[in-house]
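Open the model in a viewer and keep the selection panel at hand.

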Amino acid sequence: MQKQTTGGVDIKGYVNSIETFGLVDGPGVRFVVFMQGCNMRCKYCHNPETWKLSCAEEWTPKDLFNKAYRYKTYWKDNGGITVSGGEALLQIDFITEFFKLAKEKNIQTVLDTSGNPFTREEEFYSKFVELMKYTDIVILDIKEMDEEKHKNITGFTNQNILDMARCLSDMGKEMWIRRVLVPGLTDDEEDLHKTKEFIDSLKTVSKVEILPYHTLGVFKWEKLGIKYPLDGVKVPSEEEIEKAKKILGI
Ligand code: SF4
């Protein structure tokens with residue numbers, strides 16, 4: 001779907017939606033771009049409408065940046081631009097050009113990703129290294145440490161995602177790590193301890209966050225005619241959240 005030409009002039013990005021006053025996806029107030037497309041199928045996904053890489057608005061990096069830049073007075077010293085999804089790395093050429101424009105104006109850039117497209121193979125890896133030149137912080141989900149459980153939750157291995165975290169650590173790139181807490185699915189104590197051990201092995205993690213599971217996106221599954229796999233699963237209690245936070249050292 002993505003069109004690329006020399007210099008990035010004709011690249012088009014497929015954008016699902018934009019939040020002009022985001023407060024959770026990175027530091028301060030942020031212009032958040034939710035890119036279209038994701039290969040994973042997380043059972044708790046609250047944005048299933050972003051999965052298909054079609055049915056989205058087309059933007060050029062310049063037009064999108066010009067729109068974002070109108071909000072710069074809100075960003076003050078610590079806000080900026082975040083690209084999220086869906087899975088933003090599926091449109092790596094587009095977000096690289098978009099972030100390049102942001103860095104020309106010295107704006108802070110955050111990439112919020114599941115890490116699923118990451119590989120050290122070419123040509124992805126060179127593109128990733130290039131993108132990191134213009135990215136200040138990466139927010140990475142570690143959905144589960146156990147590979148089989150990860151496959152059960154998302155349909156995919158987590159080995160390349162953990163490798164991405166190591167790669168970012170070696171690059172010296174600041175990271176936030178996130179974990180969605182779903183009772184009975186991602187709150188296994190042993191796995192949380194393993195997650196903590198893994199996070200401690202990384203050199204550049206500045207923040208760890210628990211995102212409590214919620215059911216606000218269930219209607220979207222129904223609207224798309226897809227059976228919701230977590231029917232009947234309750235949101236975590238305050239105690240469950242506190243217990244997980246304690247294990248992760250938050
Ligand atoms: S990675 Fe994110 S967007 Fe993709 S299926 Fe999982 S929760 Fe949904």
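Predicted model: local features only at pLDDT ≥ 70, side-chain atom pairs only at ≥ 80, totals over all residues.

Select H46, N47, D112, D141 and L211, which of its 30 lining residues are the closest to the centre. Next, colour β5 (108-113), β7 (174-181) and β8 (205-212), the elements that give two or more residues each to this lining. Which of the elements gives the most? That is β8, with three residues. By class, the lining of the largest pocket holds twelve nonpolar, nine polar and nine charged residues.

Now move to the second largest pocket, with a volume of about 160 Å³. To display its lining, select Q36, R41, P48, E49, W51, K52, S54, C55, L224 and I226. Five of these lining residues are nonpolar, two are polar and three are charged.

**Then a helix pair**

The crossing of the two helices, α3 and α4, is left-handed.

For the side chains, select I92, D93, I95, T96, F99 and K100 on α3, then F124, K127, F128, E130 and L131 on α4; the two groups meet each other. How many residues of each class does the contact of α3 with α4 have? There are six nonpolar, one polar and four charged residues in it.

Methods:
Residues numbered from 1 in each chain as written. Heavy atoms only, no water. Left-handed = near helix turned anticlockwise from the far one by under 90°. Helix = DSSP H or I, 4+ residues; strand = E, 2+ residues; numbered from the N terminus. Contact = heavy atoms within 4.5 Å. Nonpolar A, V, L, I, M, F, W, Y, C, P; charged D, E, K, R; others polar. 1 Å grid on protein atoms, 1.4 Å probe; cavity = no way out; pocket = protein on both sides within 12 Å on 5 of 7 lines; lining within 4 Å. Points joined across faces, edges and corners; volume = space filled by probe spheres on them.
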